[in-house]
Amino acid sequence: MPIWSWETGFMRNPKLADASRRLKSQIWSSVVTIVLVEAKGLPPDAENGLNDIYVRFRLGNEKYKSKNSYRARWLEQFDLHLFDDDQMLELVICGKYNTFGKCTIDLRSLPRERTHGIWQPLEECTGEVHLMLTISGTTASETITDLTSYKENPIEKATLLKRYAWHHSLQTLRDVGHLTVKVFGATGLAAADIGGKSDPFVVLELINARLQTQTEYKTLTPNWNKIFTFNVKDMTSVLEITVFDEDRDHKVEFLGRVVIPLLRIRNGEKRWYSLKDKKMYSRAKGTQPQVRRTFPFCK
């Protein structure tokens, strides 16, 4: 399947309308960062160190389990993806042979972009659990546009150039730039599904802002053809681009990643980027997997 660039024209995907309907349900609206600190008021065998105590988290279809602790003290961090239709965080404190208590936290009641120190009472016992909880990535100014219908607005570009001219540098210290990324497609991805294919989509992250393409189904050479815009608050930050395989119930499988410092981006540069593994040590699985994108505007 050829990868078409916006300069030469496009072939419209017949699944585009269906993919657009799925897009909202695929995108996580925020990331929930949980620091599990400790629990108090548990039964005597738990607090006296006679039991291997651990905590199970569940948010939508994501599940995590903490390490074991003899004194109900963990200081362990978890990052969960928050979807609009799954906002109830479930927590269960367990021992080797029994369950001590559980609780549910309604994340809709917590203000975003703030860290909340929470002592949450447990059901089924008199104890409580201490969490540091942050919901981030909710900036609404970032946008996604379909390249098949995108037309560059010269007036808007001129306005941005004027807005970020050097003599305006000190006017708004937290608004230091504007980043536009065009994501065309990828080749050589690993086969994650039975049948030798994958259902890939891309997530772009810039500090706490996260945007995502639609999923292209049953292909190792997807064409996403999307344009993303970010407001930049720190020119020393990096753009993280990760390719995932979509499975049922919001579950995903990692396919590859590339990390690009903003200070190394060249305006108008269109190129292929090799995908790396999770730790960015070596090439990701697949046949020389790479993703194609351009940065028409970074100021």
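Start by selecting Lys65 and Tyr54: the charged end of Lys65 sits over the Tyr54 ring, 4.3 Å from its centre. "Over" here needs NZ of Lys or CZ of Arg within 6 Å of the ring centre and within 35 degrees of the ring normal. Now jump to Arg271 and Tyr273, where the charged end of Arg271 sits over the ring of Tyr273, 4.1 Å from its centre.

Before going on, some housekeeping. This is a predicted model, where local features need pLDDT of at least 70 and side-chain atom pairs count only at pLDDT 80 or more, while totals for chains, interfaces and linings use all residues. Residues are numbered from 1 along each chain as its sequence is written, and side-chain values use heavy atoms, with hydrogens and water left out.

Stay with rings. Show Phe57, Tyr64 and Phe78 together: ring pairs link them into a cluster. Rings of Phe, Tyr and Trp (its six-membered ring) pair if their centres lie within 6.5 Å; planes under 30 degrees apart count as stacked, over 60 as edge-to-face and the rest as tilted. How many aromatic pairs does this rule give? The count is four. For Phe244 and Phe254, the ring centres are 6.4 Å apart and the planes stand at 80°, so that pair is edge-to-face. It links distant parts of the chain, with Phe244 in strand β14 (residues 238–246) and Phe254 in strand β15 (residues 252–261), 10 residues apart. Strands are DSSP runs of E, at least two residues, and helices are runs of H or I, at least four, numbered from the N terminus.

Buried means under 20% relative accessible area, exposed over 50%, partly exposed in between (1.4 Å probe, protein chains only).

Next, select Val31 in strand β1 (residues 30–40). Val31 counts as buried, at 7% relative accessibility. Beyond its neighbours within four places in sequence, Val31 is in contact (heavy atoms within 4.5 Å) with residues including Asp79, Leu80, His81 and Arg210.

Finally, zoom out. The protein chain has three helices and 17 strands, and 46% of its 299 residues are buried. Of the contacts between residues at least 6 apart in sequence, 63% join residues at least 24 apart.
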